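Reader: I am new to this structure and would like to go through it step by step. Could you show it to me before I ask about it?

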Amino acid sequence: MKKNSKTLFARLGENEVDKLATVVEETIALDFHPVQPKKTFTAADMWNIQRQRKSPVQRRFIF
């Protein structure tokens, strides 16, 4: 496989350039709201909140 090449891009024909240059009309769904799964609050979440509230000085002496 050649790693070095003098031409970075392949030559495009006239038809291909016309296809790439055409404007695509898109519609935007304004009322779309993705459904996100509801996360349940677990004991691990509570433990993490309590752990983050402790100061580093209090945690230093716990082995």
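Author: The questions and answers below take up the fold, the confidence, the surface and one pair of side chains.

Reader: Which elements does the chain hold, and in what order do they run from the N terminus on?

Author: This is a predicted model, and its chain has three helices and zero strands. Read from the N terminus on, the order of the elements is therefore α-α-α.

Reader: In which helix is confidence highest?

Author: Across the chain the mean pLDDT is 76, and 73% of the residues reach 70 or more. Confidence is lowest in helix 3, residues 56–60, where the mean is 61, whereas the highest mean, 89, belongs to residues 43–53, which form helix 2.

Reader: What percentage of the residues of the chain count as buried?

Author: A residue is called buried when its relative accessible area is under 20%. The accessible surface of the chain comes to about 7600 Å², with 59% of this belonging to carbon and sulfur atoms. Of the 63 residues, the share that count as buried is 0%.

Reader: With which residue does Asp-45 meet in a salt bridge?

Author: Side chains of opposite charge can pair when their charged atoms come close. The count for this model is one salt bridge, and its N to O distance is 3.0 Å. The partner of Asp-45 is Lys-39.

How values were computed:
Residues are numbered from 1 along each chain as its sequence is written. This is a predicted model: local features need pLDDT of at least 70, side-chain atom pairs count only at pLDDT 80 or more; totals for chains, interfaces and linings use all residues. Side-chain values use heavy atoms; hydrogens and water are left out. Helices (H or I, at least four residues) and strands (E, at least two) are DSSP runs, numbered from the N terminus. Buried means under 20% relative accessible area, exposed over 50%, partly exposed in between (1.4 Å probe, protein chains only). Accessible areas come from the Shrake-Rupley method with a 1.4 Å probe; for residues, only the protein chains shown count as cover. pLDDT is the predictor's confidence in each residue, from 0 to 100. A salt bridge is a side-chain nitrogen of Lys or Arg within 4 Å of a carboxyl oxygen of Asp or Glu.
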